[in-house]
Amino acid sequence: MSDLEPKSRPVVRLRPKAEARAIRHGFPWVYADELVTDRRTQALAPGVIATLEDAERRPMATVTVNPKSKIIARVLERDADAVIDRAWIAARIARALALRERLFEAPFCRLVHAEADGLPGVIVDRFGDVAVVQPNAAWAETMIDDLCAALMEVTGVTTVVKNGSGRARGLEGLPEETVVMAGEITAPVPVPMNGAIYMADVMGGQKTGLFYDQRPNHAFAARLAGGARVLDVFSHVGGFALACLAGGAASALSVDASAAALELATKGAEAMGQGDRFATRKGDAFATLEALQAEGAQFDVVICDPPAFAPAKPALEAGLRAYERIARLAAPLVAPGGYIVLCSCSHAADLVQFRNASARGLGRGGRRAQLLHTGFAGPDHPMLLQLAESAYLKSLFFRLD
């Protein structure tokens, strides 16, 4: 499905009190209480392309509208006469690809990072000849065939998976489904990164099957890991643990609640020839940290990379308490002079709040700490300056006394 001719598109209008200037300056979203939501607007099909006008009926932008979402409109182009079709999508993907080709020698990266790459609500992770698309906004679901065709045309990938799972799609009123749109998937995809080999389950794993955002933080942890005993908690498919083994760690223990993720981590370690130095432990992270302490276990490097404890503002206080508790439970496991890495992917908790919660937890765990390094998502996860939510990842590296 392609866009209607601009002249025949529906028109939506900002309310007089809406902040039109923010949108003119690059803010990409219009919230439901900022738009005139008359019966005509409410009747629009989710994902329809429309022209956005300010309260004085001056055209402002080409937007996609979803009356079922709190983010009722997303800016696609500031040009109100832009045509949104397969060629437009292909141009956006080509621009995103040019950046990644400059950044990375191999085609393993986040290729499209939603609003920051000019494709609102669209995530594309690339695994060589395989691409996984997350259409997390209604317009991308509506134009999924054009999106997949443009992706194959621009990048040359031969297999495209649509991963329609996750909280974002629920907020858009979209169903959950994961399907192969083109090509075929027969096994986990091996992904080389930081000298390690990861096994990405692009059909049944978390998100797209692998987290590329931590790549530079994996590399920094690996610099600390020479000869070290490493504990990687919430390890998924072995993110930090395998990078540390590639960096010369003496041993690595991965802890995760998912047996399937730990099996993939083990396969990755074996593919690297490091299976004999790698071990896994399935279980709840908090309970496992308590059990390891009771066992008197000690590690030279401990990493805790949990899921988002504060995915939205209502969860902020509980989330900060959870980050503090993780730091408190992990701190006693770090040998004197060892290192701890604490991570947050909660955009609702800013860096200062997360750092303070981590510091409280380390103190309550009986340790004094030096903050060595603060890491963020890699450059294939660019930040849209007008959208704070696009800078979500924080990784704090401490040395403990």
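**Pockets, cavities and helix packing in the predicted model**

Strand S5 makes the greatest contribution to the lining of the second largest pocket, supplying three residues. The structure described here is a predicted model, and in it this second largest pocket has a volume of about 340 Å³. Of the 17 residues that line the second largest pocket, those closest to its centre are Val75, Leu76, Arg92, Glu115 and Gly118. When the residues lining the second largest pocket are sorted by class, eight are nonpolar, three polar and six charged.

The model contains two cavities of 30 Å³ or more, and the largest cavity holds about 50 Å³ of space. Its lining is formed by Gly47, Thr64, Val65, Asn66, Ile71, Ile72, Ala73, Arg74, Ala137, Ala138, Trp139 and Glu172. The elements that contribute two or more residues to the lining of the largest cavity are strand S4 (59-65), strand S5 (71-77) and helix H4 (138-142), and among the contributions to this lining the largest share, four residues, comes from S5. By class, the lining of the largest cavity comprises seven nonpolar, three polar and two charged residues, with Arg74 and Glu172 among the residues of that lining.

The second largest cavity, with a volume of about 40 Å³, is lined by Cys304, Pro306, Tyr323, Ile326, Leu342, Cys343, Phe354 and Ser358. At least two residues of this lining are supplied by each of helix H11 (316-330), strand S17 (334-344) and helix H12 (351-364). The lining of the second largest cavity divides into seven nonpolar residues, one polar residue and no charged residues.

Helix H11, which supplies residues to the lining of the second largest cavity, also packs against helix H10 (residues 285-294), at an angle of about 20° and with the two axes 9 Å apart. That angle makes H10 roughly parallel to H11, because angles under 35 degrees are counted as roughly parallel. The crossing of H10 and H11 is left-handed. In this contact, Phe286, Leu289, Glu290 and Gln293 of H10 meet Ala322, Arg325, Ile326, Leu329 and Ala330 of H11, and the contact of H10 with H11 comprises six nonpolar residues, one polar residue and two charged residues.

On the H3 side, Arg86, Ile89, Ala90, Ile93, Ala94 and Leu97 take part, and they meet Asp145, Asp146, Leu147, Ala149, Ala150, Leu151, Glu153, Val154 and Thr155 of H5. By class, the contact of H3 with H5 has 10 nonpolar residues, one polar residue and four charged residues.

A further helix pair is formed by H7 (residues 215-223) and H8 (residues 239-246), the axes of which come within 8 Å and cross at roughly 45°. Helices H7 and H8 are therefore oblique to each other, and the crossing of H7 and H8 is right-handed. The residues Asn217, His218, Ala221 and Ala222 in H7 meet Gly239, Phe240, Ala243 and Cys244 in H8, and the contact of H7 with H8 has five nonpolar residues, three polar residues and no charged residues.

Conventions: Residues numbered from 1 in each chain as written. Predicted model: local features only at pLDDT ≥ 70, side-chain atom pairs only at ≥ 80, totals over all residues. Heavy atoms only, no water. Axes fitted to C-alpha atoms, helices over the stretch in contact; angles between N-to-C directions. Parallel < 35°, antiparallel > 145°, perpendicular 65-115°, else oblique. Left-handed = near helix turned anticlockwise from the far one by under 90°. Contact = heavy atoms within 4.5 Å. Nonpolar A, V, L, I, M, F, W, Y, C, P; charged D, E, K, R; others polar. 1 Å grid on protein atoms, 1.4 Å probe; cavity = no way out; pocket = protein on both sides within 12 Å on 5 of 7 lines; lining within 4 Å. Points joined across faces, edges and corners; volume = space filled by probe spheres on them.
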